[in-house]
Amino acid sequence: MRYRKTAPAAKAGIKGTDDALAQLFRPGANSILRVALFAIVLVPLGAAAIAMALQRTPYITGEGRFIEQQVPFSHKHHAGELGIDCRFCHVGAENQAVATVPTTQVCMTCHSQMWTNAAMLAPVRRSWATHTPLRWSRVNRLPDYVFFDHHAHVANGVPCAACHGDVRQMPLTRQAAPLTMGWCLDCHENPEKRLVPENRITWSHPYDQPLSEAEARRIHAHVLKLDRTRKLTDCSTCHR
Amino acid sequence: MPSLRPPSPSAWDPHRREVLRLIAAGAAASLAGCSKPDQPIVPAVHDAEGDRAGRVRRYATTLPLSGYGRGATALVVDGRPIKLEGSPRHPASLDSTDMFVEASILDLYDPQRLRAPQGPKGIGGWEMLERTLIEHVPARGGEGVALLTGRITSPTLLARIAEAKMRLPGLRHVRYEAIDDDAERAGAAMAFGRPLTMRPRLRDADLLILLDADPLGPGPDQIAFGRAWSDRRRNRSRRAPRAYAFEPSLTASGICADRRVALHPALVPNVLLALAGRDGGEAPEDVTRMVALARADLAAARGRAIVLVGRGQPPEVHAFAAWLNQSIGAPVDWIEPVDPDPSGHAQSLAALARDMHDGRVATLIVLDANPVYHAPPALGFAEAMKRAPLSIAFAAFPDETASAATWRAPLTHPLESWGDARAPDGTASLIQPMVKPLFGARSPLEAIGMIDAASPRIDDHARVQAQWRGRAGGDPGRWWRDALVAGVIEGTAASPVSPGGAKPPSLVPARPPTAMIVTLPPSSTMWDGRFATNAWAQECPDPIVKEVWASSLRLSAADAKRLGVEDSDIVRFGGVMAPVRILPGQAEGVATLPLGRGRSAGGPIATAASADGFRLRPASGGFVSPPLTIEKTDWRHDVPTAQAIIEAEGPLADHFPLVAPGKGMRPADKLSSLIGDDITPPDAGPDYARPEAPQWGMVIDTSVCIGCNACVVACQAENNVPSIGADQIMRGRDMHWLRVDRYEHEGGGGFQPVPCMMCEKAPCEPVCPVEAPTHTAEGLNLQVYNRCIGTRTCQANCPYKVRRFNFLDYSGANLWGDLDDGSVSAQRNPDVTVRARGVMEKCTYCIQRIETAEHDADAEGRPLPPDSVRTACQAACPTRAISFGDISDPRWEVTNLKHDPRHYALLDYLGTRPRTTYLARVVNDGETEA
Amino acid sequence: MSGTARWLTPPMTDHRAITDAVAGPIVDRRAGKAWWIAFLASLAVVLAGAAAAGLSFEYGPGLWGNNSAVVWGFPISSYVWWIGIGNAGTLISAMLLLTRQKWRSSINRFAETMTIFAVAIAGIYPILHLGRPMYFYWMAPYPSTMHIWPQWRSALVWDFWSILSYLLFSILFFYLGLIPDLATLRDRPGSRRWRRIWGAAALGWQGTPAQWRTHTRLQWTMAAIATPLVCSVHSIVGLDFAASIMPGWIESIFPPYFVVGAFFSGFAVVVLMAMVIRRALDLEGMIRPSHLDAMAKVILASACVMGLSYTTEWLSALWTGEASSLRFLRFSFTGPYLPFQILMLIGNVFLPQLFWSPKLRRNPIALAVIAFGILIGMYLERVQILTNSLSIGWLPAMWTLYVPTIIDFLILAGALSFWVLLVLVTARVLPLVSIYEVRALAEEAKE
């Protein structure tokens, strides 16, 4: 790199170096500088912290989120007020991986008798008449690479409410849990606290009443048996 | 030192369309990253009876290959058949499959399939075609109408054609199968005065002498023969069996034989005569030595020896072999031909072609056959077709005949229609549809119905039922259900006939021809070319030379030297060109080119630049080219090979030990077995101890592996493994979770399937920065795809190199994936993640099957019963070489095999403690020690 | 007197002369044609490289030469190579400081400069080579909603830390040395905007005796820390390979051998830069033949050490007689990669032997050429460490050759030019020679 000479500093008539410093910075500069030095360290750390916190908020996890459905189905009414059992519609919950959303036929078992002209049920009747399936929007969504099995949970004493919350209080169904992997692991790491006796599986608040001596013992035994046969935190438990 | 596969330097060029699509996809993905897109749930309208969402249901059916039926079980999930397995009671399936059955499921969803009838004026509906047929066919009682089909064993279809003939007396039915059995039939006719089919009882054969024959090679009988052969080899109660192979080019049977020598096919008569104790004329010195050995064994094994000659040999050789077998009391049965058509394939096609040239055929209807591609060039079939005013091709896929015909009409896949077929041993079984025809195709029965339009409309289901009403007896409904469930129709196997004394035909010793000839065996992956449209088949390595997507001309080192060519040099011969591959064990003066490549109008996947062996076929048929000269050209081309073939010498021999019958591994190399050691993964710590958890392991018996690739394709079908195309293979990449290594000892060597070893001390696990390869309490080493960030450190550190990396978006839309068409994704197994770009994947021991079995056991509150989990490769294996299960439970078969004296672990000295282990190959050549 | 005179010649014995010589190019002058040509040329290549990298992100590693067996290619070898270069700067300046090498003062600054850039570039590769780069941060330990952490047993995670800490440390060390000179620039007449920038960066340095005392103490302490740190960094990179079971990798010699290699290649870069800078910035007075001589000696010494470690590798293979090691050895000397093996040995071991001749030791051209040869040799070494082992692993069925693609080369070239670009820019804004340290040297010269 060769350089072209330009006007030498002396000729340029710039003042001596001593007061040059004075002109350069206002007295406050030092304190600003000190602050800046701290900021260099703190800002990135703070940003990271905020990002992590954000990940846990409902805004990201979708906890408590409603989704507009073409039929505003109310669990509050059907499961709560009418007291229809979960398994009447979600037939798969007990014995297969997918709990299944009921077929139009299931809806029509009642609604061919009652509310036969209700406007909000029009899509159901249309589906029934035209043999075109209803399209519901998924509320509780797990990533595609998670292989969730309802039967495995229900059969081992995990109540519906553990994940779905108290649907009997939901006019519109909402996502009741964060459904993050960490949230799943909370249970898989020590399941004992989350298991309930069979009769409580479909309760709205299965954990509120304390367990009887016998029930606690039975659940403890079950967990011990589980522990001898499989490791619930194996990745392959949910991922393949 | 083994040859290295040089990856091609050809750069990968993204097409513009693809660029745009990928960018779009990328953008979409980045958006989806933040917000969860709405995901619909679409429940059925009506409750389905007994159907459980997401559950695999199994239905027995039948898949024809060259007309012969092989039983299969379709695995159907939510109405989609996703996999084919064997049919337990079917004699040509025996609960296992071959590569062709496994690949057929892809054909069902293949977007290349013909979609609508297409006439001279472009797309025309079925009605238009029906009208055209009515105009041309019934007019003159079918006069001048020729119906050309492949081999038909289906009783219903035969009856249907017979019925049509009654109404259309002029209708002429010609049957032509490219891989024919003319020579066998003619030979039998010579020997016994009538055409008979020989069924060797390999299960009873102590001594097997193969003359240019490949019973363990591809074909409708591969499964049955392979199983019988392996049963015999396993049977310790009798003397150790021995097989001799005299063959022009290395075949699966040759590799599996105990003693093998390369032999020019023209010299087979000499060997045959010598074996019969007559003057065998001259033969190379190594051959005569081998013949002497064989004769000695033959004398010792009277009544328990079989001599088999290949389909490429002339009738008199077959006739002589028939006589010889009879005179030594060989364990073979003779049955009436299952294919009732007495005419010879070659002659009848030649006759048809002649008449077509002479304009005596006004209407040609081709049903599920491809004569334009298959017919010997001398017949000039394509030109002959032009002479016919109307030609209609019913075909599932676009092919040479369909594009030459005036009309092409889509034909159903066997999983889409009702029907039936006979196995090579005569056993009949039903074909039942799993889905409605996807692309509006019509079945063969319906096609005949269109020709014979005057006949009453009866649907296929009714026709097939009517066909078997006679057998049904009292309760037809019940009989029908039972037959469907059983997958076979009981008591339909052809019963052996007594052929009567064969007269020794006059057979004269031949002298080795001077000019080169080319033998033309059917391809192990393309069969006669009908699988060329199938991306799985194209990417399935040839068992012998591991070539994919193309074939080379196999030459002996001596001939190559004489011609001054080396590997990959392109040579010209008999009007075709192909690159050369020098193959050890190739006979001098003989080149070998597998049939079924070089399709010219088979669609983007089939149409690869590769030599078409049918161009070399003499008009008289057969599987040997006329004498020809081979010239070197200036061009070179590397045929993509999936992997290297290993010359097992020096230390490499340890990878594939050979033992003598009844012997085990030498104490010196008696390798550490897992049994006795604790089987909880030692490096995992007490946290992993689950005393009642099953411990999964696998044992592969290299002694009975015939390298048929059924396991490879089965794995691909079960685990959503994508095909990646020739270019990627050329760059040294591949995605098969299971590869079959071939070891080459001077005496043949053998096959060694290599899935993941599931090491207890897995080198892949500790090196991954994000711990994507993890170990489970059941001793599985599994890759967590969604955790993998693609550092590839695991594969770098895997001594077995069994991990596979998605260098590109292989599973996404691409030519080898689904041609940008969703239909292929319907085949994907819903229980297996479809892996994204940049993710490492590998064999999982079919974790989805393990999980299903365990959940079912849970649901019924019982422990896993023994042998209740079968991996896809295990279920496919025709010879039962692969066994899998809980090695902590002695009730599982695999656990006992871990105690076998032949048991060894690959690279055991690395201390990886593999869960997948092997049984050494037994070679009964009288030389192998230990 | 004479002791120092070897390192400085008039006018470089006078403070103002020194300052002008170093600061002049930055403050008083505008860049010449040569600078602009170099700048634009490297910029062009950088853009090409960036495009190649962009394509790789879009389509995936499939655009590279990597294959099922040789899963690692140029990105990893480049990474190792750059880290190696990055090691030298700090190592040199720190060790020479500790060993009171007077001639250090002329070269330590740009050695440190290039270090930072090299390490920064090296840091990009582990991310670039990922199949799913968007998740690179999973290698960092943070409380995720997945409740899972990185794999502490993996050498790649150790890498993550060593690189990070080394980069931060190098920046601090470099900056510390820079402060007094920044003040000098600030106090020199020149454009006000730039003086404010330098001034801010100078953190109000006044050059009071107290500040000087602190500065020196801190600098020495950091130097003391630097040396072991530097060694650890490349040892850990070495462990990426040594902590495996692949033939040719699983060798205890790797960590030390990597450190030597690193120092070696890094020093070569320093030499190369020195040769360029002394011509370009007319600093012949500060970087004198005696400097060249000293540096040449260092190269010669380390070249011998490299040769030693190579032979150790081969001999240990022969001594063990273990099949796979022997196969590996045979492969590297008879296999298709042989030409590169030979080039590597020439560049790293044989060429530097020329420095036994004193005349060549003082010849800038010779130094430049040999330094260049070393850089090529070292890169080839890094490549072969990968390909030789992965091409012939344990099971012959998967033996595969590695052939890089155009994309590989574009990324490689892009990275190199990016480094050049950074140095060029730095040359315009920061003193590439430590003014105050040269002054101090001049002081000694006076006494």
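Reader: Let me start with one residue: in which helix is the place of C:Ile163?
Author: C:Ile163 sits in helix α6 of chain C, which covers residues 155–187. Helices (H or I, at least four residues) and strands (E, at least two) are DSSP runs, numbered from the N terminus. Before we go on, residues are numbered from 1 along each chain as its sequence is written, chains are lettered from A and ligands numbered from 1 in the order in which they are written. This is a predicted model, where local features need pLDDT of at least 70, side-chain atom pairs count only at pLDDT 80 or more, and totals for chains, interfaces and linings use all residues, while side-chain values use heavy atoms, with hydrogens and water left out.

Reader: Is C:Ile163 buried or exposed?
Author: Buried means under 20% relative accessible area, exposed over 50%, and partly exposed in between (1.4 Å probe, protein chains only). C:Ile163 has a relative accessible area of 11%, so it counts as buried.

Reader: Which residues does C:Ile163 touch?
Author: A contact means heavy atoms within 4.5 Å. Leaving aside residues up to four places away in sequence, C:Ile163 touches C:Tyr79, C:Ile83, C:Val119 and C:Val233. As for C:Val230, it is 67 residues from C:Ile163 in sequence and 9.9 Å from it in space, C-alpha to C-alpha.

Reader: Now to sheets. How do strands pair?
Author: Strands of a sheet pair through backbone hydrogen bonds, either parallel or antiparallel. The working rule here is that two strands pair if DSSP finds at least two bridges between them. In chain B, strand β2 (residues 56–65) and strand β3 (residues 68–77) are antiparallel partners with 10 bridges, and B:Pro64 stands opposite B:Gly69. The two strands form a hairpin with two residues between them, and B:Ser66 in the turn has a positive phi of about 50 degrees.

Reader: What does β3(B) pair with in the antiparallel sense over six bridges?
Author: That partner is strand β4 of chain B, residues 80–86. B:Ala74 has B:Leu84 as its bridge partner there. Again there is a hairpin with two residues between the strands, this time with B:Asp78 in the turn at a positive phi of about 45 degrees.

Reader: Why is β3(B) described as largely enclosed by the rest of the structure?
Author: Because 10 of its 10 residues are buried. B:Tyr68, B:Arg70, B:Ala72, B:Ala74 and B:Val76 point one way, B:Gly69, B:Gly71, B:Thr73, B:Leu75 and B:Val77 point the other way, and all are buried.

Reader: In what order do the four strands of the open sheet in chain B run?
Author: The order is β12-β11-β10-β13, with parallel pairing. β12 (259–262) and β13 (305–309) are the edge strands, each pairing on one side only. Strand β10 (residues 207–211) is joined to β13(B) by five bridges, and B:Leu211 is opposite B:Val309.

Reader: Where is B:Arg242, and is it buried or exposed?
Author: B:Arg242 is in strand β11 of chain B, and its relative accessible area of 15% makes it buried. A polar contact is a pair of N or O atoms within 3.5 Å; within protein, one must be able to donate a hydrogen and the other to accept it, and residues adjacent in sequence count only if both atoms are side-chain atoms. A polar atom of the B:Arg242 side chain lies 2.6 Å from the backbone oxygen of B:Asn924.

Reader: Last topic, the interfaces. How many salt bridges are there between chain B and chain A?
Author: A salt bridge is a side-chain nitrogen of Lys or Arg within 4 Å of a carboxyl oxygen of Asp or Glu. The count between chain B and chain A is three, including B:Glu854 with A:Arg230 (3.1 Å, N to O). Helix α25(B) gives the most to the side of chain B that touches chain A, with seven residues.

Reader: And how many between chain C and chain B?
Author: Zero salt bridges, though 27 residue pairs are in polar contact, both at pLDDT 80 or more. That contact takes 56 residues from chain C and 60 residues from chain B.
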